[in-house]
Every structure is written in C-alpha cells, then in structure tokens.
Amino acid sequence: MNKKKQHHLSYAKWGYIFILPFFLAFFIFSLIPLVDTVRYSFYEYYRSGIKEIGPTFIGLENYAELLKSDMVAYAGNTLILWVIGFIPQIVIALLLANWFTDVRLKIRGKQFFKIIIYLPNLIMASAFAMLFFALFSTNGPINSILMSIGLTDTPIDFMGTTFGTRSLIGLMNFLMWFGNTTIMLMAAIMGISPDIFEAAELDGCGSFRRFFSITLPLIRPILAYTLITSIIGGLQMFDVPQILTNGQGNPDRTSMTLIMFLNSHLKSRNYGMAGALSVYLFIVSGILCFFVYRMTNGGDDSAAKPRKHAKGGKKA
Amino acid sequence: MKKRVVSLLMATAISASLLTACGGSGSGTANATGETGGDAAAAGGTEGAVVNIYSWNDEFRTRLEAVYPEVESTSDDGTVTKLKDGVEIHWIINPNQDGVYQQKLDEALLNQATAADDDKVDIFLSETDYVFKYTDADADVAMPLTDLGIDPDTDLADQYPFTRTTASDQNGVQRGSTWQCCPGLLVYRRDIAKDVFGTDDPAAVGEKVKDWDTLKATAAELKAKGYYTFASYADTFRLYGNSISEPWVTAGETTVKVDPQIMNWIKDSKEWLDAGYFDKTVKGQWNDDWNKSMSSSSKVFAFLLPAWGIDFTLNPNWDGETGAWGVTNPPQEYNWGGSYIHAATGTDNPQHVKDIILALTANKDNLIKISRDYLDFTNTVSGMQEAATDASFASDFLGGQNAYEYFAPVAENIQIAPLSSYDQGCVELIQNAFSDYFQGNVDYDRAKANFETAIKERYPDITEIQWAE
C-alpha cells in the first residue's frame, strides 16, 4: 500500500519536472517583463536624444496625463474600426457557415471553398496592408480601372478621407478574419444534433425559421466566444492601420488606434507612459476576459453540470 | 530505476536546450563578434584587433574598400573586412527604417563604457537629419576630432564649410567629418521647358526659377499649359527648412520654436497647392505616387534633388529617353542628406579611426575617385571646382550636361541651419500634420494642435510649442 502510493507520487514529480521549463521560460521572459511594465508605469522614464531620463518615481502622474490626452478618442477610433470590420465579418460568416453545413444544399467543393476563404488570414497583416496601400493609392490600379471604365473622371483619394481610410481598414480586417470565423461557426453548427434539424423539417419549418429559432440559439456560446475574442483582438489592432497610414493615423489622427498610440510613445522609449497605457489596456482586456469566462463556463448550465458530476465521481 | 534515469536525462536535456535556446537569442550576436575577434588579437599592437563600424547600409563600406589603401579583403557576406596589418573591421549594419539603426546604435553607445575592447563601437555613421543627437557636447558620444589628432583647420581645410559646421557641437567643436556633400539643384524636364519657355537651355531656365517670386510667376506659366511645377509640397520643404534662423529647440530649453521660414512653407504650400502648381495626387515623398510623377507620362516639370537623388531616385523611375532632364540653379541654396563619420568616445582603435577618417574625407584624390566611381558629390572644394570644368564629368542622363557646374556654386553658398537633437521628429511631424491641412481635411488650428500632440508624444521632454507669426 505504502509502496504503491510512493510510486504514484513520483509520477507527479516527473510531471512537474517536465512542465518546469515552460514555467521557467514564462517566469523569465513573460512574468518579469510584465511586472516591470506595471512598475515603470509609476515612473518617469524615457530617453531624450541619447540621454536617459529617470527612472524617477512620480506616482500616478502618467495615468492622469493619459486621461488628459486623446486616449479616449483613440479608444473610440479603435472601436469604430473594429465594428466596421466585425459586422460584415459575422454576417457573412454566419451565412456561409449555414450554407456549408446545410445537408440539403449539397454544395460541391466545400473543402476548396473553406481553404480559399481562409487564405487571406495566412498573409501577414502588414504585407496585406502594403498591398492595399499600393492598390488604392491615388495613382494606383484601382483608380486606373475606375477611370478607364468611366466611373470617375478624377482619381479618388481613398486614403485622404476619414471614411475611405476607415473603410479600407475595416475591409482588410473583414477579409482577413471572416474565413476563420466561418470555420469556427461551421464547427459549432455541425455540433448540433441532426435530429433537431430533421424534426424541425418534419414539422414544416422553413430555412429562415430554422436558422433563427434553432441554429442561432444553439450556437450562442460559440458566438459569444467569437465576439469577445474579436473585441480583444480589435483592442490590439495595430499592424493594418499602422502600415496603411504610415503610423500617423491619417487623416487628422482618426485612424489612430490605442496600440498605435502606445507605439508612438515607444519611439522615444517612454517606458513610463507606455506602461501606464498598457495597464489601462490590461484592465479593459481583463474585464472582457471575465465576461468570456462567464459566458463559456457559468452561463451554460448543461455544460457545467456534468463536469461537477465527474469531479464528484473521482472523489468517491 | 533505469526508466527514472532515462527520463531524468531527457528532462534535463529538454530543459537545458530550451533555456540555452532562449538565452542564446539575447547574447548570441555579442558572443559571435567577441570570438571571431579573439584570434587576431595579437596583431594590432597597442590598438585593438577589431574596428567596429555601425552603419545602415553598405555605402560606407564600398567607398572605404575603394579608397582606403590598407584594405586587404572583405568576406563574401560583407560583414568583415581584413586590413593589411591583421586588424579586422566588423560591419554592424542595421536598416534605417523605423529608427532601427538609431535604436541599435544607442544601445551600443550606452554600453560603451562596460563593453569589452573588441566589442566597443569605434566608428559610427549618422545622417544630417539626426547628426546633432550624436555630436551634442552633453551626450559626448562622438569624439572631438582634435582628440584623435586631426586638426580640422588644416587637415580639413578643403572641405565645404557648412559640412564642418553640421558636424560640430554647440561649442563649435567638430566631432565628425563627411566625404559626401549634398547640395541640391532644380532638375527639370527638357521637353516641358521647350514646350512652355521655347528653350531648354539651363541658363535660361535658371533665370526663370532664380528665386521664389520669379518661380511663382513661372509656375503660373506652366499651369497655363497644363503642367505642375513640382510634385508635392514635401519637395520644397528642405529649401525652407534649411534656412531657419534658430534651431527647432535651443539647447537646454524644452520649447519647440517653429521658425518663420517654416510658417512661410506652410503658407506658400497651401497657396501653391490650391493654385494647382503641385500635383494634388502626390502626397509626400518616397511613395508610389511620387515615383510615378518622375515617369514620362507625368506632368511634373521639376524636382529639387541633390546628386544622389538624380542617380538613385530620378534615373531609375524615368522610363523615357536618356537626356530628357537638365539641371539648373534652385530658387534657394539647400543641402539634402549626407552621411557623417564619427569616432566613438572610448574607442580602442584611435589610430585606425583617424586614418580612416583622413583617407575618406580629407584626401582630395580619394574624394575625386569616389565622385567618379560612385557619383557622390564629394567634400573637396578645389576638387569639385575642377570637376565643374572637366568635361569628363558630363552626364548622359542629363543630355551631356555637367551637373558639377551647378552643384559646386550651390555647395559653396549653403548656409546650414542651426541644428538640434530634435530635428528629425520636428521635420517629419510638421510635414505630416500639415499634410491634412493642405488637402483640406482639417483647418489650420487643428493642424497646429495635431503637430503639438505628435511632437510631445515623440519627445516627452517638450513642454511648449511657439509658433512664429
């Protein structure tokens, strides 16, 4: 009895040893910098030319300074850019996922389409942005096409207007992510028991009714998950607008996102201010993560109950 | 038991490999240079065995290989150049884009005091836009040339005075030297000149563009025939920006002073753009639209470019016949670019550094050779005056015209603007902020406010912005 117990314990020890490298690496390369970021947010610490200023403890001054700056406006920009990209993304993804999983439609080449719609996600975002920058420049190919088919006489200055720039960023985010979302939603819909669809059909349920009354409610947890991860991803939106607007959020800083704002502080190695901004972002992301946790774990009773049972079973 | 030993071994192996892999990325480059430097250690005598040179491309290396007599060979990948006395030059190249070069250089210079001898920065390069950040006497990262044993007044007497001023700190102590000097000219399309003025003679065209008022009248003439004078408002910026009377930020102060000349640029650019003298579709430089405005289908009459601009920007973008462009005097003398060579404070190879600086920036024959082989306008007053009358310097691209005839007098008349270590950000951000204003996206006050926000973000120590009336 005693021997057996020891044997069991030693296995656990090996488990810890095997996961030790990860925790060491995490501790050194993630946790310490993380704590440092928070610590420096209370300091005045930057570089002027080649001279280092600080670190001097200044309490919450960085946080107060940020609230006085245009941070809220940049948060608004980020939100708008995210919404412009997310709404078409979720609508198209739902539509496609519904079509692809509909047994009645018998779409050919499903795998092929799945690959095609996922492809834009494989391109690096910055490369994608550079491509769009070239395509939509005032003397670029899109303008040439529009002019040669007679839709416009003078080139359209896409990136010279707030509407144009924001739409382009939204379009790019939509193109990059709708494939990913489609595949995720397809998995969710395929997880619904076919019996339910069959039963609905026998009862004379049309496809619209079926979509809104059966599919949508049953994939709600995955939808919520998609929404929240997308918001967190949107909060960190950086590469596309950065490259498209040359890091300035043109015109009139209306496409400046929070992370671009953070990046412009890092140009002067302003660790203090950048740290404070990161803490703000961390808090917002933390709150959103809390919601996602609640939605995927707490909100869904049927998923939570069996697990409790399993735990109880083990104890017994 | 056996199993235990095996799994223990595996665990340690995995953890060790993980850790070394992580640790390696941080210190790998430093180790590599240190080790390769070791075997040549005895060769240099009292001098260190490795000369570390920080630069952003191979421009300096090619010129050094061409004219420095001590060079023996360079490795195929271009990272190590062996000298005849056994000392190695290690090239540490980081791209200029997004400030990467300056970041890496700053790190290295901040660690200069504690670095091992063979890892110390010996020579580094800087550009006019940010030269003052490094020549600043308070920072003291670039050695005064006199400390190296170079007397600027005699050794560098043939250099253009403005390049010596540029490389000096606020007390007038020269802390760098350049082989290159970048006076700019007005480069124009001969076919457009013939169409509008009836002649493409550089002297006649020069008369039409000799100052801003005359140029404005000429711009109206060009406009009447459907041509643009310049591509964009960014093209003219350097002419104004080079003639400011006070530095952007006076040493020891935290106020950005926007010079009256910059205000003139804002006023004139808006006026010219609204009048249709610039191409509205070209926003700034170095983008696709700007490049296309140099092609044969474009309606742009002229560009303001230095020697390197003609050879490396205009020439590759031009798709018509050679000989279609001509050069003449600009409306105002200006300088655009230039790479300065500095000796890093704390170098362990002062003798080599001195030799290299003298060979590359003070030897007239070497400089003329660089001009011939690499088309740089080089930093020798007498040499360039000779080139101006030497028919062998004529350019096919310019229809057989000898551009040095126009470059030389411009170079002699350049009054360099007073510098500060905030120049790069100020120049970049003011153009950006007012771009929106020129295009009518924001009003004047909003553009001012945007500049103030942006400059305070870039330089956290800036507290105030004063606008000239």
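Colleague: Where in chain A is A:Lys106 found?

Modeller: Helices here are DSSP runs of H or I with at least four residues, strands are E runs of at least two, and both are numbered from the N terminus. A:Lys106 falls between two such helices of chain A. Its place is the loop between helix 3 (71–101) and helix 4.

Colleague: What kind of model is this?

Modeller: Residues are numbered from 1 along each chain as its sequence is written, and chains are lettered from A and ligands numbered from 1 in the order in which they are written. Local features need pLDDT of at least 70 and side-chain atom pairs count only at pLDDT 80 or more, while totals for chains, interfaces and linings use all residues, since the model is predicted.

Colleague: Is A:Lys106 buried or exposed?

Modeller: A residue is buried with 20 or more other C-beta atoms within 10 Å of its own, exposed with 12 or fewer, and partly exposed in between, the C-beta atoms being placed from the backbone. The backbone of A:Lys106 has a positive phi near 50 degrees, in a residue other than glycine. Because 7 other C-beta atoms lie within 10 Å, A:Lys106 is exposed.

Colleague: How does B:Asp140 count, with 15 C-beta neighbours inside 10 Å?

Modeller: B:Asp140 lies in the loop between helix 4 and helix 5 (145–148) of chain B. Phi is positive in this residue other than glycine, near 50 degrees. With 15 C-beta neighbours inside 10 Å, B:Asp140 counts as partly exposed.

Colleague: Which residues does A:Pro120 touch, leaving out those up to four places away in sequence?

Modeller: A:Pro120 is in the loop between helix 4 (110–118) and helix 5 (125–135) of chain A, and with 17 C-beta neighbours inside 10 Å it is partly exposed. A:Asn180 is 60 residues away in sequence, at a C-alpha to C-alpha distance of 9.6 Å. Two residues are in contact if their C-beta atoms, placed from the backbone, lie within 7 Å. Residues up to four places away aside, A:Pro120 touches A:Leu175, A:Met176 and A:Gly179.

Colleague: What is omega of the peptide bond that joins A:Asn250 and A:Pro251?

Modeller: A:Pro251 is in the loop between helix 11 (239–244) and helix 12 (258–266) of chain A. The bond from A:Asn250 to A:Pro251 is cis, with an omega of about -15 degrees.

Colleague: Over which residues of chain A is the pLDDT below 50?

Modeller: pLDDT is the predictor's confidence in each residue, from 0 to 100. Chain A averages 85, and 90% of the residues score at least 70. One stretch is below 50 and has two contacts in the model beyond near neighbours in sequence: residues 300–316.

Colleague: What radius of gyration does chain B have?

Modeller: Chain B holds 20 helices and eleven strands, and its C-alpha trace spans about 95 × 50 × 45 Å along the principal axes. The radius of gyration is taken over C-alpha atoms, and the globule rule is 2.2 Å times the number of residues to the power 0.38. For 469 residues a compact globule would be near 23 Å, which agrees with the value for chain B, 25 Å.

Colleague: How far apart are the end C-alpha atoms of helix 10 of chain B?

Modeller: The expected span of a helix is 1.5 Å times one less than its number of residues. Helix 10 (residues 212–224) of chain B has 13 residues, so it should span 18 Å; the end C-alpha atoms agree, at 18 Å.

Colleague: Which residues of helix 10 of chain B are buried?

Modeller: The face turned away from the buried side carries the exposed B:Asp213, B:Ala217, B:Ala220 and B:Ala224. Helix 8 (190–197), helix 9 (202–208) and helix 12 (260–275) of chain B are among what covers the buried residues. The buried residues are B:Leu215, B:Thr218, B:Ala219 and B:Leu222.

Colleague: What arc do the buried residues B:Gly383, B:Met384 and B:Ala387 of helix 17 of chain B cover?

Modeller: These three are the buried residues of helix 17 (residues 381–389) of chain B. The arc is that of the directions from the helix axis to the C-beta atoms. They lie on the same side of helix 17 of chain B because they cover an arc of only 95 degrees.

Colleague: How many residues of chain A are in contact with chain B?

Modeller: Chain B contributes 34 residues to the contact between the chains. On the chain A side, the number is 33.
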